[in-house]
Amino acid sequence: MLLGVKATHVMSAEITYKHIVNDSYSVILKVYRDCNGIQVSNSPIRIKSGCSLKSVYLNPVSVIDVTRIPAGCGINSRCSGSYKYGIEEHTFSGGFKLPNDTCCNYTLSWEQCCRNSAITTGAADQNYYIETKFNKCLAPYNSSPSFVDIPTFLIGVGANHNISNAAIDTIDNDLLTYELIKPFSASGTAISYSGSFSPYRPLTFFGFPNAGLALPQGFHFDSLTANISFRPIIANQVTVMAQRVNEWRKINGVYTKIGEVIRDVQVIIYKDSLNSAPEFIKSDPKIALCSELKP
């Protein structure tokens, strides 16, 4: 099964920013592309408040194959070879300056068509939209959190998995909490999951649809660590998961939300011949992908 056709190529994206000086900021956009689909186009980010709206085009920085197939497998990912899976990380960077106005709440957003046709739990072929928000009045000159690692895209069926989209704030050292949310297709418009799927049940896990069952059943999310624990049981299922990172700062003795960053990821459950894990482990497809190539 090819995972992307025609324009269906966006698997994940995220926007982070960093304060430089005065009202000037740098911004980083990372877009993860399914190499079965078309190329990523350099569409702008939009900077919106109640006072203004402007578009900023970013400069391409790098393109990296993040499929994570070990060299010893003897085959290249779809990005440069014939293997059915292939994922690229496209990084763009640029800068913007906040206007001198009375508005406090700002949104950085990016969108592109489209999500994969292969998605089986809702949102197939829908537009991809991602946003990051901050309040310049509550926290002037703030820098956003950044994610610790790239997203997990490929997960072996039947194994117990721990995956995490944890972030860090090494500049302002703000408190971070996490929540699962619906992915978006446009500003203020969330995608619809099909059947019994939802942000809290985005795929078919051991014990589905009861997410609250004790491990290894259920679907468990930790709002303080961003850790997700589950055992997928249907191969070739393709879903989307979105997670919001909430940034909190103590203001006048009270923790107050000053911003948020969203990561929205397409996840593929594939058949892995080494998929019997007795305990929950951190998901890393490198060895499993190599075994999946063998008969």
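User: pLDDT is the predictor's confidence in each residue, from 0 to 100. What is the mean pLDDT of the protein?
Analyst: This is a predicted model, in which local features need pLDDT of at least 70 and side-chain atom pairs count only at pLDDT 80 or more, while totals for chains, interfaces and linings use all residues. Numbering runs from 1 along each chain as its sequence is written, and side-chain values rest on heavy atoms, with hydrogens and water left out. A pLDDT of 70 or more is reached by 89% of the residues, and the mean for the protein is 90.

User: How many contacts does the model have, beyond four places in sequence, for residues 273–281?
Analyst: Where pLDDT is low, the predicted coordinates should not be read in detail. Over residues 1–6 the pLDDT is below 50, and beyond near neighbours in sequence that stretch has 21 contacts (heavy atoms within 4.5 Å) in the model. Residues 273–281 also stay under 50 in pLDDT, and the number of their contacts beyond four places in sequence is 21.

User: Which side chain makes a polar contact with the side chain of Asn165?
Analyst: Asn165 is placed in the loop between β11 (161–164) and β12 (167–168), and it counts as buried because its relative accessibility is 10%. Setting aside residues up to four places away in sequence, Asn165 touches Phe147, Pro151, Tyr178, Ala226, Gln243 and Arg263. A polar contact is a pair of N or O atoms within 3.5 Å, where within protein one must be able to donate a hydrogen and the other to accept it, and residues adjacent in sequence count only if both atoms are side-chain atoms. At 2.8 Å, the side chain that makes such a contact with that of Asn165 belongs to Arg263.

User: How far apart in space are Ser109 and Ile45, C-alpha to C-alpha?
Analyst: Ser109 is found in strand β7 (residues 105–112), and its relative accessible area of 10% is why it is buried. Beyond its neighbours within four places in sequence, Ser109 is in contact with residues including Ile15, Pro44, Ile45 and Tyr129. Although Ser109 and Ile45 are 64 residues apart in sequence, their C-alpha separation in space is 5.4 Å.

User: Over how many bridges do β7 and strand β8 pair?
Analyst: Six of the eight residues of β7 are buried, which leaves this strand mostly covered. Strand β3 (residues 45–48) runs antiparallel to β7 and is joined to it by three bridges, with Leu108 of β7 as the bridge partner of Ile47; two strands pair if DSSP finds at least two bridges between them. Asn105 has Asn135 in β8 as its bridge partner. Between β7 and β8 (residues 128–135), which pair in the antiparallel sense, the number of bridges is eight.

User: What is the torsion about the S-S bond of Cys35 and Cys79?
Analyst: The structure holds four disulfides, each a pair of cysteine sulfur atoms within 2.5 Å, and one of them joins Cys35 to Cys79 with an S to S distance of 2.0 Å. Cys35 lies in the loop between β2 (24–34) and β3, Cys79 in the loop between β5 (59–65) and β6 (87–97), and the pair links these distant parts of the chain, 44 residues apart. Cys35 is buried at 10% relative accessible area, whereas Cys79 is partly exposed at 24%. The disulfide is right-handed because its torsion is about 85°.

User: Is Cys103 buried or exposed?
Analyst: Cys51 and Cys103 form a disulfide, with their sulfur atoms 1.8 Å apart. Cys51 is in the loop between β3 and β4 (53–56) and Cys103 in the loop between β6 and β7, so the pair ties together parts that are 52 residues apart in sequence. Cys51 counts as partly exposed at 41% relative accessibility. With a relative accessible area of 13%, Cys103 is buried.

How values were computed. Helices (H or I, at least four residues) and strands (E, at least two) are DSSP runs, numbered from the N terminus. Buried means under 20% relative accessible area, exposed over 50%, partly exposed in between (1.4 Å probe, protein chains only).
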